[in-house]
Amino acid sequence: MGAGEFLDLTDPATFVRHEPRDYWQEIRSQHPIYWHDSPGDLPGFWVVTRFSDIQTAYRNAKFLSSARGTVLDVLLHGNDSASGKMLAVTDRPRHQQLRNLMLRAFSPKVLGPVVERVEQRTRSLVASVVDVGTFDFAAEVAEHIPMTTICDLLSIPDGDRAELLKWNKLALSADSEEVDDLDSLIARNDIVSYFMDLAKHRRENPGDDVITMIASTQVDGELLSDEEVALNCYSLILGGDESSRMSAIGGVKALAENPGQWAALRAGAASLDDAVEEVLRWVTPAMHFARTALIDLEIAGQKIRAGDIVTLWNTSANDDETVFPDPRTFDLARKSSKHLTFGHGPHFCVGAFLGRAELRALLSSLAGSVRSIELAGNPSRIYSNFLFGYSSLPVNFR
Ligand code: HEM
């Protein structure tokens with residue numbers, strides 16, 4: 001593979017114009033770790049593609065820092081403004097303290113009723129689209145599950161939810177090249193200021209909800225500021241909505257394209273739990289996460305200098321043939337729970353239980369009431385070098 005054949009991973013269009021999985025297959029065997037130059041004055045970065053190297057890098061939170069940012073685009077343009085305040089972009093020891101606080105939002109006591117509502121809502125959404133002819137699974141079903149779940153978790157007033165979803169879509173993914181960076185930035189600010197107001201309100205009018213809990217629990221002897229409360233609520237919305245939505249949409253697309261697998265799941269030849277893991281591996285909604293090296297170190301025998309940006313391509317790790325035999329086959333009975341879809345190590349996704357529960361509710365509702373799933377038009381891919389997925393998926397459920 002010559003230098004000219006490397007794809008430009010800084011360009012969201014790359015992931016729409018090319019089949020990334022073909023690319024990663026070749027790169028894993030020939031350049032498992034390589035340096036990627038960036039356009040213009042932007043810094044270059046390392047690209048890590050093999051499962052074991054990525055897993056080791058995720059574990060090395062001491063020297064591979066999340067604090068400057070964890071998404072390539074942010075790191076290329078500066079530092080994450082939420083650094084040290086929002087869980088995902090904070091290093092130890094503060095990270096561990098914040099994580100302990102956030103994990104309370106995911107205790108069985110809080111999640112039990114939330115998951116029950118997810119199951120009810122998913123069953124009735126699926127029932128409403130069976131035998132209706134062609135419909136857009138993204139708009140009619142997938143859009144309504146994760147966001148409502150997070151809003152339930154945070155007790156967001158019903159009247160505010162549609163606006164939050166609109167901002168969230170603008171903040172992270174875009175259907176086309178027309179949504180520019182400024183729109184995304186404004187949407188992110190809108191979300192943070194919305195939560196700052198809500199945090200203030202809940203401090204004055206405490207309830208039995210997660211925002212009140214985050215706003216009223218001391219961390220290292222002090223309460224979080226309004227901004228810290230807001231940023232951590234925002235991270236739940238961002239982490240909890242898009243990636244779960246992308247896995248549901250990508251999962252239904254894969255089922256439509258693999259009717260034999262759908263029949264096998266319905267017949268009980270694959271368990272729901274294994275099917276959930278295979279869908280998560282297959283879709284891998286968060287294509288990469290990134291770190292910054294704090295010291296000179298080595299990854300896969302390659303010298304990395306302090307200050308270098310290191311990108312970890314989950315999407316490649318989850319197709320690594322040394323871990324997942326025949327990785328390009330969608331096999332619901334596969335034992336694929338080792339996948340790196342939720343990351344690994346100290347920053348492992350705090351919402352993994354909820355993400356899995358949402359997908360399980362979907363597959364179980366479908367298995368209970370849908371005999372055939374057929375594609376009924378061209379799905380539209382989202383435009384991003386971070387998230388992989390589809391913004392629309394025309395299908396028929398019978
Ligand atoms: C962290 C993926 C669902 C909230 C992560 C990470 C990944 C990930 C890969 C690790 C990031 C890193 O190492 O830098 C996903 C996927 C999901 C999902 C694919 C759905 C299928 C959720 C949900 C929530 C959530 C439902 C919240 C309700 C978070 C948060 C972190 C995180 C707060 C930061 C954890 C930390 O830094 O300690 N997620 N996630 N995620 N996720 Fe998720």
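1. Helix α12 supplies three residues to the lining of the largest cavity, which is the largest share. The model is a predicted one, and the comments that follow should be read with that in mind.

2. A search of the whole structure finds one cavity of 30 Å³ or more, and the space within the largest cavity comes to about 50 Å³. Its lining consists of Ala142, Ile145, Pro146, Ser244, Arg245, Ala248, Glu358 and Leu359, and the elements that contribute two or more residues to this lining are α12 (226-257) and α16 (352-369). Sorted by class, the lining residues are five nonpolar, one polar and two charged.

3. Turning to the packing, the largest nonpolar core holds 57 residues, of which Leu9, Phe137, Val252, Leu366, Ile373 and Phe397 touch the most other members. In soluble globular proteins, nonpolar side chains tend to be buried together.

4. Is Asn168 buried or exposed? This residue lies in helix α9 (residues 161-172), and Asn168 counts as buried because its relative accessible area is 0%, where under 20% is required. Not counting residues up to four places away in sequence, Asn168 touches Met147, Ile191, Ile237, Leu238, Asp241 and Glu242.

Terms used:
Residues numbered from 1 in each chain as written. Predicted model: local features only at pLDDT ≥ 70, side-chain atom pairs only at ≥ 80, totals over all residues. Heavy atoms only, no water. Core = buried A, V, L, I, M, F, W, Y, C linked by side-chain atoms within 4.5 Å. Buried < 20%, exposed > 50% of the residue type's maximum accessible area, 1.4 Å probe, protein only. 1 Å grid on protein atoms, 1.4 Å probe; cavity = no way out; pocket = protein on both sides within 12 Å on 5 of 7 lines; lining within 4 Å. Points joined across faces, edges and corners; volume = space filled by probe spheres on them. Helix = DSSP H or I, 4+ residues; strand = E, 2+ residues; numbered from the N terminus. Nonpolar A, V, L, I, M, F, W, Y, C, P; charged D, E, K, R; others polar. Contact = heavy atoms within 4.5 Å.
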